[in-house]
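Reader: I would like to know what stands behind the terms used for this structure. Please set each value against its cut-off.

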Amino acid sequence: MSNKQNTALELSSYHQWLSSQHVFVRSDLVETTQQNVVAGWGCVAKADIPEGTVLFRIPRSACFIATKDGDNHHDDDHDDDDSYNDPTTKDTQKDLALQLLKHRHSSTWAPFLNLLTPQSLPWTWNEALRDCLQGTELEQVIQNKIRRIQVEYESILNSWDAQTEKRECITYQEYLDATSIVASHANPWFGVSIVPFNTILNWGRDVNVEFDLDEMHSDHDDNHHSREVVVGRAVRHITNGSELFQQYGESVAEVVYRCGFAPKFDPCASSDSVSLFIWDVVRTIEKLSSPQKNDLNSSYPVNQNPTKIGIPTSSIITHLSSRIEALKKSGAVDTCPWDGMDECLSAELSLPSIAFTKAITTGNGAKPSKDAAVRLRKRQRDEVEYGQDDISNEERSSYDDGGISKLIGICLVLAADDETWKRTSAAIDNIPDNANQQEDGDQSESGDDCPSSEEENETESRYDDIAASVLLSSLGNLTPQQSAKLQQRSLDVGMGGHDPWRALLLELGNMTNSKQMLKWDIAFEAAKLVIHERLDRLVSGEERCRKIKSACPQEQEALDTIQTLQLVEKSLLSNALQILDLPFR
């Protein structure tokens, strides 16, 4: 049988399976095909499709879900599975991957599963390609992912009994392929599931279809039961012959991790960020604070944890755990945003707000200008004399420098001497848990005892803002009047989820008694050094890419993906250095 005939047979079996599973599809408007699509299978419009048209409606019974017996009921029985007790398994495809391998040849699921092919994801690349990720956001993430998959596979082998061994064995490569299918196709509906058509539509920057969970009501009984379905709907007009596109992943790094390719990078619209591990910041502060400034003691525990998991320790920085806890309370550091890395602490650098970028550039120039930064600083200094009602959201946004000020704040905290930190720690410990409620108490008198998720996020942000002001006030040994002023400034600028850290540091730098208390020079030097070291690692990764490209041209696609990721992160880090070079105090 030719490939063309085989493809036609696969597609026919798939359509029959969709019908048997009661999947609704506008077959008069949509065609599933391998022709005229960007990659693999895709969907193309057979006629003009108006915005708002429901194109797909997929019931739970047609969604492939991780279960022991394939009955699409979620399985929570992991108590005897060592891999689930390992902290590195929190981003796992194990359940769904095993079910996929189990049912890949079954009459029930094969017509659907046969259309899913393994993706070339970073953890499936060879070691030489993975080494090219040096310095990128994914370097530690992929190293941890590979260790996790190895633990999972070993647990699978150990769980096989004599009866299991008589069946076809699962090789490591088969398991690896299955995890790549799951990672690139699964979504959180019904726990975690692989959903028809949501798996078929390709990624595109110009999204024209979106999938979401919806309820479908039935009038066949007196109770009018409803059932959840996944609905795919046109979100804009689609012309005849156009491919249907969806978008998955909020950043280039996430798309590379989940799908193995990199979208074209738009430096003006990037939602990417760079995670700076707290381990690296601590190591840098140690280096700058050490009497032998350029001789970092190799016995430091901070240098002995390549995974950078957990709270770092230090022989130079006293009370390190309480300092990091204070930074967490203030929102300066948080758990690493990557799945499976939530034992790691990091600071995030991203693009500054549009308002901030406009304010520090002149004319049509893309580079920050020192003169523009001075004018912005003068304008913001003048704002301090006005109350909260005089600050617009645009003005609040003009303080959002993409996490640079938080990084400086982190370095100030870590560089503080022992006496200063003891005073600061006591002040942080005295912040009441309901501090945010005291500030926003009048907003909770609506009679609604169940705040919305948006209100809960705002409440958490308010506490962060108060903790940040207390942290910096205590570091600077401010008077009660100055501390109250700084806290009000934090609440004014931080309203609506805006970042108040730049506003806080600017005011702190103007208060004469704080200038002698804070180690500004070390903080700025450390912030720059952490970024430079990350850039140096990226340059090493780029050099590895060039060597492989000349020796192994067949790896071109993966290398292009890595180089796009490197470009994204170099752009963010270089932009951060430019901001750090602007007049601040």
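This is a predicted model: local features need pLDDT of at least 70, side-chain atom pairs count only at pLDDT 80 or more; totals for chains, interfaces and linings use all residues.

Reader: Why is Thr 199 called buried?

Author: The relative accessible area of Thr 199 is 11%. Buried means under 20%, so Thr 199 is called buried. Thr 199 sits in the loop between β7 (193-194) and β8 (202-203).

Reader: Which residues is Thr 199 in contact with, leaving aside its neighbours within four places in sequence?

Author: Phe 112, Leu 116, His 185 and Ile 194. Contact here means heavy atoms within 4.5 Å.

Reader: How do you know that Cys 545 is in no disulfide?

Author: A search of the whole structure finds 0 disulfides. For Cys 545, the nearest cysteine sulfur belongs to Cys 132 and is 3.8 Å away. A disulfide needs two cysteine sulfur atoms within 2.5 Å, so Cys 545 is in no disulfide.

Reader: What makes Cys 545 count as buried?

Author: Its relative accessibility is 0%. The cut-off for buried is under 20%, so Cys 545 counts as buried.

Reader: What makes the end-to-end distance of helix α15 agree with its number of residues?

Author: Helix α15 covers residues 404-415, which is 12 residues. The expected span is 1.5 Å times one less than the number of residues, so α15 should span 16 Å. The C-alpha atoms at its ends are 17 Å apart, which agrees.

Reader: Why is α15 described as largely enclosed by the rest of the structure?

Author: Because 11 of its 12 residues are buried. Among them are Ile 404, Ser 405, Gly 409 and Ala 415. Cys 411 is also one of the buried residues in α15, with a relative accessibility of 0%.

Reader: How do you know that β6 and β7 pair?

Author: β6 and β7 are joined by 2 bridges and run antiparallel. Pairing requires at least two bridges, so the two strands pair. Ala 186 stands opposite Ile 194 in β7.

Reader: What makes β5 and β6 edge strands of their sheet?

Author: The open sheet has 3 strands in the order β5-β7-β6, with antiparallel pairing. β5 (64-65) and β6 (186-187) each have a single partner strand, so one side of each is left without a neighbour in the sheet.

Notes:
Residues are numbered from 1 along each chain as its sequence is written. Side-chain values use heavy atoms; hydrogens and water are left out. Helices (H or I, at least four residues) and strands (E, at least two) are DSSP runs, numbered from the N terminus. Buried means under 20% relative accessible area, exposed over 50%, partly exposed in between (1.4 Å probe, protein chains only).
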